Amino acid sequence: MTELEAGRAQTLVPARGGAALHRYRDVLIALIAFAVLASLPLFTGSKALLDFVIRCSAYGLFATSLNLLVGYTGLTSFGHGMFFGLGAYSFGLIMQRLGVPIPVAFVATLVVTAIVAAIIGAICVRLKEIYFAFVTLAFQMLIHSTILSWASFTGGDQGLRGGIPRPVFLGIDLSNHVHLYVTSCALLILGLLAMRQIAQSPFGYTLRMIRDNAARASFLGIDVWRAKLTVFVLAALFAAMGGMVMALFVSGAYPEFAYWTISGEAIFINMLGGVSTFLGPMVGTVLLLLLNDTVTRFTEYHGIVLGIVILFFALGLRKGLLDFVAEWYAHRRETGEGR
Amino acid sequence: MLDIRNLAKSFGGVKATNDVTLDFPDGSLTAVIGPNGAGKSTFFNLITGALKPDSGQVLLDGVDLAGRSPPEIVRHGIGRAFQVASIFKSLTVQETMLAAVSADQRTSAVLHKRFPLPETRDRAEHVMELLGLAGKRHRTAATLSHGDQKLLDIALALVLEPKVLLLDEPTAGMGPEERWRMIDKVRELWESQKITVVFIEHDMDIVFKIAPKIVVLCYGRILATGTPDEIRNNSAVIDAYLGTEHAGAAA
């Protein structure tokens, strides 16, 4: 009995303050990461490097938001890219047509995305597994076709041309490369921090329960449909954020942003980086963009190389890179403790 | 407490539950027995909302719950554990308990705080102690032994502090000794928690030993209800159930 009590005392004391402590730790890591990224332009004049980080921000937000669905809830969406495209187009169109300040367009885009995601999600999250995957894909193709055929509004297959106006707000001038870079980094870090909070909140654990055993969750009094719809909308918001960063970066929006291949890339990223850790998709993003950039430099058949890499991860490692590292670390710690 | 009135459910032409009327008084312990296919699990599924009854009432303290969804019924106070342990395989024992309490306190959709919420701790702790799972709190559910998984499943139902606890074969898949330990646990819980417990059980020795009241189902109907002695001496039960099983055992 005494042993049990001692064990309890050990586990409970750190656990009580633990939740708050973890949050401070995450915020601290985020601040350090932002400081490092934001000071990068002081040390390098390389425009290519800054561009790389901006693209990582756009794709990283997008891929991590997909992981909220795939990794945390077990909802494998094949159409998540529609919200990336929707974010880019809504933001671009609002800026071009209404000429509002950038923060207003940013918020308005999130509102538009939330409404669209709620409607599509209400239909999709009732479905399971492959049915869910394919109906989300169908909605993505619907949005893509709409963009292509509604040329007078969206520019059709030419995309949103003529550039996105970037008026200065709060002293931030997004037509300045460094300003755009720092803003992208800030959005990435804030987005990741928000998604981390979602993953570690009571709601995040509700998602894990649904992933493991949705029927049991409903016998605990959880409204599974509502929880799935909520995470579907939340994930769409962060995907749209990624789309907006992309639209700002290329100063436009193109139909490819809403094409199924963009969803495919996000799934690819998640496979590369791994879905069992929060930062897996971020690692995957860096890997994929690095691969893309180096391989396209050497061969025009980059699809073959990327295909081989994904086969290696899927069949060889059977998990993403960060999953692999996390397991290796856990194993090492276990054997270390055993000694 | 729990009042079942004229409950009926058919699958095609098969009447899985046929006009069942039963009363489970407050604080009672009842065993439901019957041959395979007697409709025991269907009976539980109808009460807990996993299946919608064709007709009849499920009254809990006078409120009719028939045909409502599982989350609603759980919230009214009917908890259940499953024949095959139904748990969350990637969560640890402690996380499972804390998340279940969160669900019961309606904080499972909270986004702005960190898991676990402080107010969920005491209840989770209490039930882990009660079921002897406290020492395994950091084990992932998938790595637990079969018996511990069944206990975790019961803990999940119990941590919601139900008025009625339905246990679908708590001893399924266990060895003889483990069975007795489990059923002693069930009886101990019933005595200490002062809740209404209904359990399905195949092992006659167990049923006759611990259940003050027994319900015998056969082809969806109630064949008999009564004390162990009454059931043992009931000729219809002997013919329909004990008789066939003994014949099966002899063969």
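What follows is a short talk about the labels used here.

Mentor: First, this is a predicted model: local features need pLDDT of at least 70, side-chain atom pairs count only at pLDDT 80 or more, and totals for chains, interfaces and linings use all residues. Residues are numbered from 1 along each chain as its sequence is written, while chains are lettered from A and ligands numbered from 1 in the order in which they are written.

Trainee: How do you know how confident the predictor is in chain A?

Mentor: Look at pLDDT, the predictor's confidence in each residue, from 0 to 100. Chain A averages 87, and 93% of the residues score at least 70. Over residues 1-16 of chain A the pLDDT is below 50.

Trainee: Why is Thr261(A) called exposed?

Mentor: Thr261(A) has 10 within 10 Å, so it is exposed. You'll find Thr261(A) in helix α10 (residues 260-273) of chain A. Helices (H or I, at least four residues) and strands (E, at least two) are DSSP runs, numbered from the N terminus.

Trainee: What makes β6 and β10 of chain B edge strands?

Mentor: Start with the open sheet of six strands, in the order β6-β7-β8-β3-β9-β10 (chain B), with mixed pairing. β6 (78-81) and β10 (221-226) each have a single partner strand, so one side of each is left without a neighbour in the sheet. From one strand to the next, the twist averages 20 degrees.

Trainee: How do you know that β6(B) pairs with β7(B)?

Mentor: Two strands pair if DSSP finds at least two bridges between them. Four bridges join β6(B) to β7(B) (residues 164-168), and these strands run parallel, so the pair meets that cut-off. Arg80(B) stands opposite Leu166(B) there.

Trainee: And which sense of pairing does β9(B) have with β3(B), and with β10(B)?

Mentor: With β3(B) the pairing is parallel, over four bridges; Thr30(B) has Lys213(B) as its bridge partner. With β10(B) it is antiparallel, over five bridges, and Val215(B) stands opposite Thr225(B). The hairpin of β9(B) and β10(B) has two residues between the strands, and Tyr219(B) takes a positive phi near 50 degrees.

Trainee: What makes β9(B) mostly covered?

Mentor: Five of its six residues are buried.

Trainee: Which residues have the most contacts inside the largest nonpolar core?

Mentor: Ala235(A), Met97(B), Leu152(B), Ala155(B) and Val159(B), in a core of 168 residues. A nonpolar core is a set of buried Ala, Val, Leu, Ile, Met, Phe, Trp, Tyr and Cys residues joined through C-beta atoms within 7 Å. The element giving the most to this core is α9(A), with 18 residues.

Note on methods. Axes fitted to C-alpha atoms, helices over the stretch in contact; angles between N-to-C directions. Contact = placed C-beta atoms within 7 Å. Buried ≥ 20, exposed ≤ 12 C-beta atoms within 10 Å, placed from the backbone.
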